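Here's a quick briefing for anyone meeting this protein for the first time. Have a look at the chain below, then read on for a guided tour.

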Amino acid sequence: MRRRGYIVPPLSRQKILSKSNQCREALNLGDRKYIPIIPLLEIMHCHDILNTEICDDADVAYRGEAFYDPAEKKIIIPDSVYCAACSNQGRARFTVAHELGHFFLGHTVAFGRNDYCDDNEWRPFIDSEWQADNFAGFFLAAPHLINMHSTTNQVSIEFGLSLQAAEIAIKNAKKPGKVPGLMGTCGTGSVLNNT
Ligand SMILES: [Zn+2]
């Protein structure tokens with residue numbers, strides 16, 4: 001697994017799952033299979049909890065990728081990704097959930113370091129991107145809600161996941177904490193206001 005994000009305080013997959021479940025409960029989504037990710041963003045925006053900004057796909061500052069800006073508590077989403085998430089496309093929904101993961105896991109400039117640790121020191125559980133990817137997977141498809149006899153296609157439809165994410169979600173439900181998570185499409189280093 002390659003290093004992708006910034007170093008943050010370590011979190012195991014079990015702890016990320018626990019945080020995801022806490023968030024779902026706090027948002028009254030505890031037993032909800034299909035998370036209404038865009039309405040959720042809008043509610044958080046209206047209550048000034050987390051702002052959302054839609055940027056033009058061609059905006060070179062964001063390189064066509066979604067970002068979380070911890071200083072402004074703002075998610076910046078390219079127009080095409082936002083529209084795709086509104087149309088319930090699984091990959092775009094995962095991208096939005098990944099950015100929410102940065103927010104809910106408390107990834108901030110203060111927690112991050114501007115440089116990576118030595119290759120020998122690096123571990124996935126201290127990588128901001130690995131943590132956000134795992135949060136997104138658990139948040140969109142809580143393992144306790146997945147019927148392990150369901151097909152990948154059924155889980156994909158029920159939870160609004162891509163087929164790849166649905167396959168991983170089923171594995172997660174069988175062995176949470178032991179299955180590698182799906183990699184999202186967030187811009188590298190997006191938890192920091194770097195260039
Ligand atoms: Zn990210």
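What you're looking at is a predicted model, where local features need pLDDT of at least 70, side-chain atom pairs count only at pLDDT 80 or more, and totals for chains, interfaces and linings use all residues. Residues are numbered from 1 along each chain as its sequence is written.

**The overall picture**

- The protein has 7 helices and 3 strands.
- Of its 195 residues, 38% count as buried; a residue is buried if 20 or more other C-beta atoms lie within 10 Å of its own, exposed if 12 or fewer, and partly exposed in between, with C-beta atoms placed from the backbone.
- Two residues are in contact if their C-beta atoms, placed from the backbone, lie within 7 Å.
- Among contacts with a separation of 6 or more, 70% come from residues 24 or more positions apart.

**The sheet**

- Two strands pair if DSSP finds at least two bridges between them.
- The 3 strands make an open sheet in the order β1-β3-β2, and the pairing is mixed.
- β1 (51–55) and β2 (67–69) are the edge strands, each pairing on one side only.
- Ignoring direction, neighbouring strands here are turned by 25° against each other on average.
- Axes are lines fitted to C-alpha atoms, for helices over the stretch in contact, and angles run from 0 to 180 degrees between N-to-C directions.
- β1 and β3 (residues 74–78) run parallel and are joined by 5 bridges.
- In that pairing, Glu53 sits opposite Ile76 of β3.
- Helix α3 (residues 79–86) packs on the sheet, where α3 touches β1 and β3, and its direction makes about 90° with that of β3.
- On the other pairing, β2 and β3 run antiparallel with 3 bridges between them.
- Lys74 in β3 stands opposite Asn51, and Asp69 also stands opposite Lys74.
- β3 is mostly covered, with 4 of its 5 residues buried.

- Which residue sits in the turn of the β2–β3 hairpin with a positive phi? That's Lys73, at about 45°, in a hairpin with 4 residues between the strands.
- Lys73 isn't a glycine, and its place is in the loop between β2 and β3.
- Lys73 counts as partly exposed because 14 other C-beta atoms lie within 10 Å.
- Asp48 isn't a glycine either, yet it has a positive phi of about 60°.
- You'll find Asp48 in the loop between α2 (37–46) and β1.
- Asp48 has 8 C-beta neighbours inside 10 Å, so Asp48 counts as exposed.

**Where α4 meets α5**

- Two packed helices are described by the angle between their axes and the distance between the axes.
- For α4 (residues 90–104) and α5 (residues 128–140), the axes come within 7 Å and cross at roughly 115°.
- On the α4 side, the residues making the contact are Arg93, Phe94, Ala97, His98, Leu100, Gly101, His102 and Phe104.
- On the α5 side, they are Ser128, Gln131, Ala132, Asp133, Phe135, Ala136, Phe139 and Leu140.
- These contact residues divide into 9 nonpolar, 5 polar and 2 charged; Ala, Val, Leu, Ile, Met, Phe, Trp, Tyr, Cys and Pro count as nonpolar, Asp, Glu, Lys and Arg as charged, and the others, Gly among them, as polar.

**The core, and Ala169 in it**

- A nonpolar core is a set of buried Ala, Val, Leu, Ile, Met, Phe, Trp, Tyr and Cys residues joined through C-beta atoms within 7 Å.
- The largest one here has 40 residues, and Leu140 and Ala169 have the most contacts inside it.
- α4 gives the most to this core, with 7 residues.
- Ala169 is in helix α7 (residues 163–174).
- Is Ala169 buried or exposed? Ala169 counts as buried, because 28 C-beta neighbours lie inside 10 Å.
- Leaving out residues up to four places away in sequence, Ala169 touches Gly137, Ala141, Ile146, Val155, Phe159 and Leu161.
- Ala169 and Ile146 are 23 residues apart along the chain, and their C-alpha atoms are separated by 7.9 Å.

How values were computed:
Helix = DSSP H or I, 4+ residues; strand = E, 2+ residues; numbered from the N terminus.
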